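Please open the model in your viewer and keep the selection tool at hand. The tour below goes from one selection to the next and says what is there.

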Amino acid sequence: MSKLRLNMSMSLDGFVAGPEQSEENRLGVGGMELHKWLTELDAFEETHCEGGGKVNASTPIAEGFFENVGAGIMGRNMFGGSGPRGTNPWRGFWGEDPPYHHPVLVLKHHAREPLEMQGGTTFHFVTEKIESALEQAKEAAAGKDVSLAGGASVVQQFLAAGLLDEMLISVAPIFLGDGARLFDDLGDARPRLEQVQVVEAPGVTHIRYRAA
Amino acid sequence: MAAVVWHVTMSLDGFIAGPDEAMEWVFDYFSEETDETAGEVIETTGAIIMGRHTYEVEDRYRHGIYGGAWTGPYFVLTHEPPAVVPDWMTGRFINEEIESAVARATEAAGGKKVGILGADLAKQCLERGLLNEIIIHLAPVLLGDGVRLFAAPGGHQVRLEPTHVGRNGPLTDLRFRVSSG
């Protein structure tokens, strides 16, 4: 059974980005601190550009991000919005060889043709509801799991609709005080969670939750 | 100098109390009386300080601190101490600056730790460099609204030093030393 999974780094006080987010500083003030555990790993190279050289208890966690993942879903902002004026067609800000290496469904208001990148990543643009996007992603994943890439508002929509099966939250030992919250705007939805794994690692605690 | 410790249970979405200060959810996830970490905290705490509001919320559910599992000198900080103090109350209302309250509690703790109850008081202690340790039981629940563990509009970064992580039944125990400076 194909699952919808999420990996997210969060501050101890619940933020996935700091205050004053901008085009130049997409993670806001202090937001990079949340990802320090990941960027200093050697395993970071597998999913992104350059590894940080370290191998520790976080390594299997990072290596597992895309394990058994056949497709992804992300919001339009995470893809890169509609791009700077005059860039046509806009190819997102993940570069020509995005770190996904699988089909990624981008939730968007306007339909457009799929965008095939290098390395196995193809962006498909979906204008339908999240339920339909999930169905299409599962089909694309061909029996494997679907990874929900973010951002926070997209995660909230899937959470509120009770569609998320598993969450791996990497808690960084810092308070940010303000910024973008991961668990916000859930309305009356109170998804029930079960803690299934706790991993202590340098500068971070990874906790895996399953929908109960 | 005794360590000043903030011991609290938090929801995954960062609340230490639900809407209208609801605390029932905490009892769903653990009972302090049987919990090892909480037991150790109760054992090593010599005195407690809390705000008036926290005192009233604590008292609304169960008489006594930690439901009566902890006994000792405690101080309730308020600008308006009530004229009549309940006769069963073993603590004292005090109207003074936080620094003096911490000094007073430290003396009363007799070498043991000083416990802080309540997010507002804890944040004030943190901002004044009076807090040494934070112990959090992280519960697998989303409350959606309520009293936040830490809120500083505009942002305020505080780096913590993890000293312990442990799985505690349905909860994750997280302990941090507050970095000085």
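How many salt bridges does the rule find across the interface of chain A and chain B? The rule finds one there, a salt bridge being a side-chain nitrogen of Lys or Arg within 4 Å of a carboxyl oxygen of Asp or Glu. Before selecting it, note that this is a predicted model, in which local features need pLDDT of at least 70 and side-chain atom pairs count only at pLDDT 80 or more, while totals for chains, interfaces and linings use all residues. Residues are numbered from 1 along each chain as its sequence is written, chains are lettered from A and ligands numbered from 1 in the order in which they are written, and side-chain values use heavy atoms, with hydrogens and water left out.

**The interface**

Select R159(B) and E33(A), which form a salt bridge whose closest N and O atoms are 3.2 Å apart. Now show both sides of the interface: 29 residues of chain A are in contact with 34 residues of chain B, contact meaning heavy atoms within 4.5 Å. The two chains bury about 2,700 Å² between them, and carbon and sulfur atoms give 61% of that area; buried area is the accessible area (1.4 Å probe) that two parts lose on being put together, summed over both. In chain A, the residues that lose the most area to chain B are L12(A), F175(A) and Q195(A), together 26% of what that side buries.

The rule also finds eleven residue pairs in polar contact across this interface, both residues being at pLDDT 80 or more. A polar contact is a pair of N or O atoms within 3.5 Å; within protein, one must be able to donate a hydrogen and the other to accept it, and residues adjacent in sequence count only if both atoms are side-chain atoms. On the side of chain A that touches chain B, the elements giving two or more residues are β9 (174-175), β11 (193-201) and β12 (204-211) of chain A, where helices (H or I, at least four residues) and strands (E, at least two) are DSSP runs, numbered from the N terminus. The largest share of that side, six residues, comes from β11(A).

**T172(B)**

Next, centre on T172(B), in strand β10 (residues 171-178) of chain B. T172(B) is buried, at a relative accessible area of 0%; buried means under 20%, exposed over 50% and partly exposed in between (1.4 Å probe, protein chains only). The side chain of T172(B) makes a polar contact with the side chain of Q195(A), at 2.6 Å. Beyond its neighbours within four places in sequence, T172(B) is in contact with residues including V198(A), I207(A), I136(B) and V165(B).

**Salt bridges within the chains**

Over all chains, the structure holds 16 salt bridges. In chain A, select E194(A) and R210(A), whose side chains meet in one of them (3.9 Å, N to O); E194(A) lies in strand β11 and R210(A) in strand β12, so the pair ties together parts that are 16 residues apart in sequence. E194(A) is partly exposed at 36% relative accessibility, and R210(A) is partly exposed at 41%.

Moving to chain B, select E127(B) and K123(B), whose side chains meet in a salt bridge (3.1 Å, N to O). These two residues are four residues apart in helix α5 (residues 119-127) of chain B, a separation of about one helical turn. Finish with E40(B), K113(B), E133(B) and R175(B), which are linked in a network of salt bridges.
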